[in-house]
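Please look through the sequence and the model below before reading on. The report that follows takes up the ligand and its surroundings, and then turns to one residue elsewhere in the chain.

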Amino acid sequence: MFDKRFRDRLKLRQLEGLHRNPPVIEKRDGRFVTIRGQKVLSFASNDYLGLGSSHHLAAQVGKHFKAEGSSASSSRLVAGNYQTICRAEKIFADYFGYEDAIFFSSGFQANLAILSTLFEKGDTLIFDKHVHASCVKGISLSGASLKGYRHNNLGHLEKRLEAGILENKAVVTESLFSMDGDLLPVKRFGDLKKKYGFYGVVDEAHAFGVLGDKGRGIAHGVTDIALGTFGKALGLFGAFVLLPYGVKEYLMNFASPLIYTTSLPQAHALAAVDALELVEQGDNVRKTLKDVSASMGETLIREGFQVVGDAHIISVLMGDEKKATQVSQDLLSRGILAFSARFPTVPLGKAILRLGLTALHREEDIQTFVNALREVV
Ligand SMILES: Cc1ncc(COP(=O)(O)O)c(C=O)c1O
């Protein structure tokens, strides 16, 4: 019975052009990957600063694992609350300018934990309709009353804030949107926060490390809580949440996704601090990324493509799901990996090619990509 259901659903996904069958990556080397023996130029990673493919950082990670062992072997709440991790969390809180910080094994787990734990029945969660799937999962598990507002439309957010008496209200958004690639208008967001006094939760997964002074993100001062991941600009895996005093203790006591899971290993915390040092020293790398991203955006627009993206994530509008899949496959056959984001990752009928630029990309890569895209579209 179950087998039939699984088969039928997969078949339907195929018919709708929504089936997912990611290519197997045999090897990765900087901005290139190998797929079926072919060297392919990738625009599909979130390795924005190139740290995820840095031999230096990998060597540091190896050194720390050798010294500290391979596992925390316990939940944070049992015997996994290592001093190394607590110290690293303090370093992260200080760097990003928040009172406290806590590490999680993944950004998905972090969003799930904070949103489902901190908010509950009787609260109102107002959220941008394009927030990440992990935020959607977290808010829907919270029990709070949910009100979505149109993507990055802060006029609509204000309408939501004005409506009714929203006593315990929080707003959830991203600062650099993972699929659309556009930026939260932070000044306006801050003004609304002052006016309506909501609690802010901003996912800065794609901004931390890259945007703001020395990669400190763009939402500091307009949010209470911010989330970052180690798996994007910081070149590792896992996540960190920056928060006010007292909230960490609350999560340690009430957040089951944190309580009932093995802690990240101590070596990871040491590696995270190394990655943060590289982020701090990364002004030149950020400048390269900014230039290459601007160049990609401008070239695509000049060529007549419909493009959105204010920074290093650029989405090329495709619309139809089947077209997006076909374009992505045709690009692959020309040696380029570009992710076709389709429903439910993006709304139905609004499929995109989602490009992640990195500081490893060069000007010639942009030409290679745009020429290939022109050919296949
Ligand atoms: C905006 C956003 N938040 C959270 C996550 C989840 O982070 P992680 O990959 O560490 O689970 C992602 C993507 O992976 C993301 O794009």
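## Contacts with the ligand

Which atom of the ligand is 2.6 Å from an N or O atom in the side chain of Asp203? In this predicted model, the atom that lies 2.6 Å from the side-chain N or O atom of Asp203 is a nitrogen atom of the ligand.

Oxygen atoms of the ligand also take part in short distances of this kind: one is 2.7 Å from an N or O atom in the side chain of Lys232, and for Phe108 it is a backbone N or O atom that lies 2.9 Å from a ligand oxygen. Taken alone, the ligand would expose 380 Å², and the protein buries 81% of that area.

## The shell and the pocket

The ligand is surrounded by 14 residues, and the closest of them are Gly107, Phe108, Asp203, His206 and Lys232.

Helix H4, which covers residues 107–118, gives the most to the shell, with 3 residues. The space that the ligand takes up is the largest pocket.

Ile259 belongs to helix H9, which is made up of residues 256–259. Why does Ile259 count as buried? Its relative accessibility is 15%, and because buried means under 20%, Ile259 counts as buried.

Along the chain, Ile259 and Val78 are 181 residues apart, while in the model their C-alpha atoms are separated by 8.6 Å.

Methods. Residues numbered from 1 in each chain as written. Predicted model: local features only at pLDDT ≥ 70, side-chain atom pairs only at ≥ 80, totals over all residues. Heavy atoms only, no water. Near = heavy atom within 4 Å. Polar contact = N/O pair within 3.5 Å; in protein donor to acceptor, adjacent residues only side chain to side chain. Areas by Shrake-Rupley, 256 points an atom, 1.4 Å probe, with all protein chains shown as cover. 1 Å grid on protein atoms, 1.4 Å probe; cavity = no way out; pocket = protein on both sides within 12 Å on 5 of 7 lines; lining within 4 Å. Sits in = over half its atoms within 2 Å of the grid points. Helix = DSSP H or I, 4+ residues; strand = E, 2+ residues; numbered from the N terminus. Buried < 20%, exposed > 50% of the residue type's maximum accessible area, 1.4 Å probe, protein only.
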